[in-house]
Amino acid sequence: MRPTQALNGGGAPNWKVGNWIGDWGQMGGAKQKGIIHYGVSANRLDPMKGTLHDAVFNTFRRTKGQIFYWVPPLVAAYYLLEWATERNHFLNSKHGRAEFGDEE
C-alpha cells in the first residue's frame with residue numbers, strides 16, 4: 001500500500017504518487033470555481049473624497065464625547081498652579097517673610 005501525497009510530506013515532488021502541482025503559491029492545478037474578483041481602475045478612484053468634511057465633523061463628534069473627561073482636570077490643574085505660583089510669590093516677598101519667616 002502506497003502512502004498518499006499528504007502523508008508522504010506533500011511538499012516535495014514524488015513521481016510515484018502522482019502529478020507534482022508545484023510549491024505553495026505557484027500551484028499549477030485547475031482554476032478554482034466560485035471565486036469572483038472585482039476591481040476598479042486607479043484613475044476612477046478619488047481617495048481624498050470627503051476627507052476635509054469628515055475630518056472636521058469626526059473631530060467635533062469625538063471631542064464632544066470626551067470633553068468632560070479632560071476639561072475638569074485641566075481647569076483644576078490650572079487653578080492649582082495659579083494658586084501655587086501666587087503663594088510662592090507671597091512667601092518670597094517682604095510681607096510673606098515677615099509673616100512666615102520664623103516657621104522655617
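**The aromatic rings and their setting**

Guide: The protein exposes about 10,600 Å², and 60% of this area is supplied by carbon and sulfur atoms. The model is a predicted one. Its secondary structure comes to 2 helices and 0 strands. Of the 104 residues in the protein, 2% count as buried.

Within this setting, the structure holds 2 aromatic pairs. One of them joins Tyr78 and Tyr79, whose ring centres are 5.6 Å apart. The planes of these two rings stand at 70°, and an angle over 60 degrees counts as edge-to-face, so the pair of Tyr78 and Tyr79 is edge-to-face. Tyr79 has a relative accessible area of 56%; the cut-off for an exposed residue is over 50%, and Tyr79 is therefore exposed.

Phe90 and Phe100 also form an aromatic pair. Their rings are 6.4 Å apart from centre to centre, with 80° between the planes, and this pair is edge-to-face. Phe90 belongs to helix α1, which covers residues 51-91, while Phe100 belongs to helix α2, which covers residues 94-100. The pair therefore ties together parts that are 10 residues apart in sequence.

How exposed are these two partners? Phe90 is partly exposed, with a relative accessible area of 30%. Phe100 is likewise partly exposed, at 21%; a value under 20% would count as buried. The ring of Phe100 has a further neighbour, Arg87, whose charged end sits over the ring at 5.1 Å from its centre.

Terms used
Residues numbered from 1 in each chain as written. Predicted model: local features only at pLDDT ≥ 70, side-chain atom pairs only at ≥ 80, totals over all residues. Heavy atoms only, no water. Phe/Tyr/Trp six-rings, centres within 6.5 Å; stacked < 30°, edge-to-face > 60°. Buried < 20%, exposed > 50% of the residue type's maximum accessible area, 1.4 Å probe, protein only. Helix = DSSP H or I, 4+ residues; strand = E, 2+ residues; numbered from the N terminus. Lys NZ or Arg CZ within 6 Å of the ring centre and 35° of its normal. Areas by Shrake-Rupley, 256 points an atom, 1.4 Å probe, with all protein chains shown as cover.
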